[in-house]
Amino acid sequence: EVQATCFVGSIAFYTEKEKLTSKIDSWFNAPPPGKKRDVPNPSTPPRELNSHFHRGFMYQPGMEPPVPFPAPPPPIPGRLPRTIEYKVGPKLVAFNVVTAVVPHGKMEESYRKELESAVSVFKANRDSPNYLFYEVQRVDVTDNPLRNVDEGEWKEATECMLERQIKERTGWAGFCDEVTASTNLVPNVLTMPIPPILLWDYKSMVTHPLLSTPSSLKADGSGTSYASGTAVGKEISRDEGDDNPGISTALDEELAPLPYQLPSSTYKLIRFFDFGIAPLGKVYRYRVRVALEDPNYPRARSLSVSSSNLKSDVLARIQKLEEEDMAARAIPGQEKIPRNSKRLTEWSEPSRPVFTQRPVEVYANSVRGTWIAAKTATGKDAFVESLAPKSLIVHGEWKIDDAIFVTRKIDVERGSVLSGPLATTEPGLDVIHPITKIIKWLTPYKFTQPITIADLRGGQPLAAEKARPREKDSLPSQGEVVSFDPLTGNLIISREFESVDGYDMFTFAGEASTGGGEGAGDVAL
């Protein structure tokens, strides 16, 4: 059950201080609410986003990069070695998040049923599902997302494979906290770590609907090690002796460390990130399969099953694999290739189409309208809109060059267009520094995505309140705002109750005062 979601947003990124393109640190702090000035004041005390809204990765000064960095330049004789300073800043990225699950519990049961009574010595680390890697294929269906895909159209997606995942991590300032139980993970084999996504709530897109509710598990704990790339499990010691000795035993042991028995679980999570979706505006579908270690032909020869315990058809297959491996190793330069122990599953069913587009956010507040009681043609009581409704909304888009999400609170009605420069009544915008969470002042700014308010509804007294609609505190119905994005043709439906969190976050409800701020941390390496 392959799931795919497009993410466009900022991540925490290390770069050399001189090369940092972000200008946010030099911006003035935002003035207090209700006291905006035409000219920023550099002495304005900092305001900080309420910690309730701290989503995603939280950078702490002094953090060490979790991945190797380029080595400092070689020292010049007679000169002191140069210390490279790295600064953490936001970087705007776009990728598809793809997740799927492997039915590990059913496979584990099948392995035990077939192998426990079939070999002389059952070895739990060998005779259980042992994953080697995943493979991904992708197809571009921008022309028609719902069409049937021919088999020949599927192409290998190298941007999704382990080598590219590791390459992309260079410069990341860390990983986001893990939200899936460690028993469902196979780190750095099936499950890639979560990028340091800033501000955004990433939990729902990096797990899978078939797994348990996301929790606050840490990526570096609870039985998971991303540094080593192995899930914590009890290693089962092999018996003394070699069931199937051969001349390549030492070589095979060098190339293939002993496997671990993975913790039992119903599912194992496949998770990776497609970093090759640029430019935006494409529509993709994905399918995956996994490679497992063949328990009858393991990478470590010392775990091999005695040929007397193999069925005739299995023995013939294993002998053919052995001959192919020996022939391959006879080629000069390939003497150290590992045994071909992988067995591939079938391809999964394709994912639903995923659209790669820059998101637009609209958070609705209560819809205000004037309603009068009236009788319908059938004599029933009803409320009729006498004046066009209005609503305060928060509207936002990404400022690409600075990797920040720019929002404004604005009063709209049907037909309002949200693009263009700031109104004369808006001397500046309050924006959140994604690293420090300090509220900064941005001026001027021109919104570029031409979002149009197509409809407003709600705000009328509820049916239960219609006997007293003139009371000051009568309960209104939920407000809804329908926006139209002409670039994609999409409708954006914003409901008041569902928008509360986003609206409060970007109107800085309950913001904290720090009394003195710091920029993004400098780290000397």
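Rings of Phe, Tyr and Trp, the last represented by its six-membered ring, are taken to pair if their centres lie within 6.5 Å. In this predicted model, a search of the whole structure on that basis finds 15 aromatic pairs. Among them, Tyr134 and Phe272 have ring centres 5.1 Å apart and planes at 10°, so the pair is stacked, planes under 30 degrees apart being counted in that way. Distant parts of the chain are linked by this pair, since Tyr134 belongs to strand β4 (residues 131–140) and Phe272 to strand β8 (residues 268–274), 138 residues apart. Both Tyr134 and Phe272 are buried.

A further stacked pair is formed by Tyr363 and Phe506, with 6.0 Å from centre to centre and 20° between the planes; here strand β12, which holds Tyr363, is linked to helix α6, which holds Phe506, across a separation of 143 residues. Tyr363 is buried, with a relative accessible area of 14%, and Phe506 likewise counts as buried at 6% relative accessibility.

Strand β12 is part of an open sheet of 3 strands, ordered β12-β13-β14 with antiparallel pairing, in which β12 (361–375) and β14 (404–412) are the edge strands. The twist averages 15° from one strand to the next. Strand β13 (residues 381–399) pairs with β14 over 9 bridges, and Ile393 has Ile410 in β14 as its bridge partner. Helix α6 (residues 496–506) packs on the sheet, where it touches β12, β13 and β14, and its direction makes about 130° with that of β12.

Elsewhere, ring pairs link Phe7, Phe95, Trp172, Phe175, Phe273 and Phe275 into a cluster. Lys91 lies over the face of Phe13, at 4.1 Å from the ring centre, while the charged end of Arg339 sits over the ring of Tyr297, 4.0 Å from its centre.

Key
Residues numbered from 1 in each chain as written. Predicted model: local features only at pLDDT ≥ 70, side-chain atom pairs only at ≥ 80, totals over all residues. Heavy atoms only, no water. Pairing = 2+ DSSP bridges. Helix = DSSP H or I, 4+ residues; strand = E, 2+ residues; numbered from the N terminus. Axes fitted to C-alpha atoms, helices over the stretch in contact; angles between N-to-C directions. Contact = heavy atoms within 4.5 Å. Phe/Tyr/Trp six-rings, centres within 6.5 Å; stacked < 30°, edge-to-face > 60°. Buried < 20%, exposed > 50% of the residue type's maximum accessible area, 1.4 Å probe, protein only. Lys NZ or Arg CZ within 6 Å of the ring centre and 35° of its normal.
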